Amino acid sequence: MGSKNKLKRFNENASFSNVIQPTREEVVEGRFPHRGSWRQFFNNDNPIIIELGCGKGEYTVGLAQRNPNVNYVGIDIKGARFWRGAKTAVDTGLHNVAFVRTQIELIEYIFAENEVDEIWITFPDPQIKYKRTKHRMTNAEFLNRYKKILKPNGVVNLKTDSEFMHGYTLGLLHGLGHEVLYANHNIYHNLGAPEEVTEIKTFYEQQYLEINKAITYIRFKIN
């Protein structure tokens, strides 16, 4: 993407009411205004579901279209990417969608304790090298962060094309005593797969499927 295109998208993001772009200082200093008051932002008491590393926002928007009585928040540090999702939501009149430009490791500063009903992690970088373990979005440190913001019965969904990420996460969940509610290593070859997992596809997911690359899925609770 050219720098002019990026600049245009950054400028458009600034004009969208569904995009929030705090500075890192605002967030870490506890000055993010919506933490603990997301229901006031959406002006309703509906459940809050978040997508971490939302990319172009395809899953955030797809879920919001399916479930108008649920609020969805996409989180990503790359605003030029989620511009697409934010613009689609604006153009189609989706009022149950928001996007926040920030780092995933700051998630506890964006949402208060027990404020989130469900988390989606879709096609994250598996960070295969051992020295990158701390960056894997399902490592023990990240799971602890998620537990703090999730309601007691909140769940996490991991959808990925990485067999490594799938296996690593399953092993970690079992080892730490967390509750795996559902797991499948090839979700499109499983007749009992949840509809929201198979009926919403990202751009890159479509490409994976065209070359018969398996898509895996895990749904779990953090104890």
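This is a predicted model: local features need pLDDT of at least 70, side-chain atom pairs count only at pLDDT 80 or more; totals for chains, interfaces and linings use all residues.
Asparagine 212 is exposed, with a relative accessible area of 71%, and this residue sits in the loop between helix 10 and strand 8 (216–221). One point to follow along the way is a positive phi angle, which asparagine 212 takes at a value near 60° although it is a residue other than glycine.

**Positive phi angles**

- Phenylalanine 123 is another residue that is not a glycine and yet has a positive phi, in this case of about 50°.
- The place of phenylalanine 123 in the fold is the loop between strand 5 (116–122) and helix 7.
- With a relative accessible area of 18%, phenylalanine 123 counts as buried, because buried means under 20% relative accessible area, whereas asparagine 212, at 71%, is exposed.

**Threonine 160 and serine 162**

- Threonine 160 belongs to strand 6, and its relative accessibility of 0% makes it a buried residue.
- Serine 162 lies in the loop that runs between strand 6 (150–160) and helix 8 (163–176), and serine 162 is buried as well, at 10% relative accessibility.
- The side chain of threonine 160 comes to 2.8 Å from the backbone nitrogen of serine 162.
- The side chain of serine 162, in turn, has a polar atom that lies 3.0 Å from the backbone nitrogen of methionine 165.
- When neighbours within four places in sequence are set aside, serine 162 is in contact with Pro126 and Thr216.

**Helix 8**

- Helix 8 is made of 14 residues, and the distance from its first C-alpha to its last is 20 Å, close to the 20 Å expected at 1.5 Å a residue.
- The residues of helix 8 that are buried are Met165, His166, Tyr168, Thr169, Leu170, Leu172 and Leu173.

- Helix 5 has 13 residues and spans 17 Å between its first and last C-alpha atoms, which is close to the 18 Å expected at 1.5 Å a residue.
- In helix 5 the buried residues are Gly79, Ala80, Phe82, Trp83, Gly85, Ala86 and Ala89.
- Arginine 9 is part of helix 1 (residues 3–15), and at 19% relative accessibility arginine 9 counts as buried.
- Although arginine 9 and alanine 80 are 71 residues apart along the chain, their C-alpha atoms are separated by 5.7 Å.

**The largest pocket**

- The largest pocket holds about 950 Å³ of space, and among the 33 residues that line it, those closest to its centre are Gly53, Asp76, Arg81, Pro124 and Asp125.
- At least two lining residues of the largest pocket come from each of helix 4 (58–66), helix 7 (140–149) and helix 10 (203–210), and helix 7 gives the most, with three residues.
- Sorted by class, the lining of the largest pocket consists of 13 charged, 11 nonpolar and nine polar residues.

**The second largest pocket**

- In the second largest pocket there is about 160 Å³ of space, and its lining is made up of Ser17, Asn18, Phe41, Phe42, Ala89, Val90, Gly93, Leu94, His95 and Val97.
- Helix 3 (38–42) and helix 5 (79–91) each contribute at least two residues to the lining of the second largest pocket.
- The lining of the second largest pocket has no charged residues, with six nonpolar and four polar ones, whereas the lining of the largest pocket has 13 charged residues.

Definitions and conventions:
Residues are numbered from 1 along each chain as its sequence is written. Side-chain values use heavy atoms; hydrogens and water are left out. Helices (H or I, at least four residues) and strands (E, at least two) are DSSP runs, numbered from the N terminus. Buried means under 20% relative accessible area, exposed over 50%, partly exposed in between (1.4 Å probe, protein chains only). A polar contact is a pair of N or O atoms within 3.5 Å; within protein, one must be able to donate a hydrogen and the other to accept it, and residues adjacent in sequence count only if both atoms are side-chain atoms. Contact means heavy atoms within 4.5 Å. On a 1 Å grid over the protein atoms alone, a cavity is a set of points where a 1.4 Å probe fits but cannot get out, and a pocket is an open set with protein on both sides within 12 Å along at least five of seven lines; lining residues have an atom within 4 Å of a point. Grid points are joined across faces, edges and corners, and a volume is the space filled by probe spheres set on the points. Ala, Val, Leu, Ile, Met, Phe, Trp, Tyr, Cys and Pro count as nonpolar, Asp, Glu, Lys and Arg as charged, and the others, Gly among them, as polar. The expected span of a helix is 1.5 Å times one less than its number of residues.
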